[in-house]
Amino acid sequence: MATANQTSIGVGLIVCSTRKPRACPQIAQFVLDTIQSMETNAANTVPVPQLIDLAEWNLPMFDESDIPSQIKDSSQYDHPHTREWSKEVQRYNAFIFVVPQYNWGYPAVIKNAIDYLYHEWNGKPAIVVSYGGHGGGKCNKQLREVLQGVRMSPISSNVELTFPWRDVLVKAARGQDIGFAASTGPGFWEDERKIIADAYMELLQVLSHGVCPNV
C-alpha cells in the first residue's frame, strides 16, 4: 500500500523516443492513465508521475568537456542545456522509462540523455516499460543494465507491452492512433494494466523504505 508521505514523492515518466512519427507518447500516456486510475483512499494517495518528453528537451549529442561522474554540482557543467537537464532530473526521486525496441535495442536518444549526468541518477529506483512487436524484452534488459551503470536501482518487475496484431504494430510505427481511450485504454492490454500497477506499487514500496534524496 502507498504510504501517506508518498504524496510528496516526485516520479518522472520519461518518453524515450524522439523518432517521427512515433507511438511513444501514446504508450506513455497509457502508462500514466493506468497509474492515475489505481485505487486509492484518503490516507494513501498514489503520486502521479510527471511526463518528461525527450523530444521537447532536444538534447544535442553529449558535448560536455568533463566526465559527468566528476561533476558534483550542476553549475559546473559547460552548457545551459546540461544544467537545465540536471535540474530537471534532480526534481524526481524515481523514474519510469517508457521505451520502444528498435532493432533489438533502445533508442540512442535515451542513452544520450542518461550519459549527460551521473550523480543526478544515483540511487534512484526505476521501472522500465518497453514495447514492441515482441514486447521489447531485449531493449528492456539492456536499458536496465545501463541504469545500473549510473547506480540506479531498477525494480525486480519487468513491464513488456506486446502489440497483439500486425495492424496495431503498423499503426504504431506510423505514429497513428492505436485505439487508446483516455480513461480505459485498449482492451488488448487490460492484463498489462495490472502489471503496470503492480510495478508502480513496488516502486513506491522501495521509496517508502527511504526516499532517495535529490542531489
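Among contacts in the chain between residues at least 6 apart in sequence, what percentage join residues at least 24 apart? The figure is 78%, with contact taken as heavy atoms within 4.5 Å. The model is a predicted one, where local features need pLDDT of at least 70 and side-chain atom pairs count only at pLDDT 80 or more, while totals for chains, interfaces and linings use all residues. Residues are numbered from 1 along each chain as its sequence is written, and side-chain values use heavy atoms, leaving out hydrogens and water.

The chain has seven helices and six strands, laid out along the sequence as β-α-β-α-α-β-α-β-α-β-β-α-α. Helices (H or I, at least four residues) and strands (E, at least two) are DSSP runs, numbered from the N terminus. Of the 215 residues, 49% are buried, meaning under 20% relative accessible area with a 1.4 Å probe, protein chains only.

The axes of α4 (residues 108–115) and α5 (residues 137–149) come within 11 Å and cross at roughly 10 degrees; axes here are lines fitted to C-alpha atoms over the stretch in contact, with angles running from 0 to 180 degrees between N-to-C directions. The two helices are therefore roughly parallel (angles under 35 degrees). I110, K111 and I114 of α4 meet L143, V146 and L147 of α5.

As for cysteines, there are zero disulfides (pairs of cysteine sulfur atoms within 2.5 Å). The cysteine sulfur nearest to that of C16 belongs to C24, 6.1 Å away. C16 counts as buried, at 0% relative accessibility. C139 is also buried, at 0%, and its sulfur lies 8.6 Å from the closest cysteine sulfur, in C16, too far for a bond.

Definitions and conventions:
Angles under 35 degrees count as roughly parallel, over 145 as roughly antiparallel, 65 to 115 as roughly perpendicular and the rest as oblique. Buried means under 20% relative accessible area, exposed over 50%, partly exposed in between (1.4 Å probe, protein chains only).
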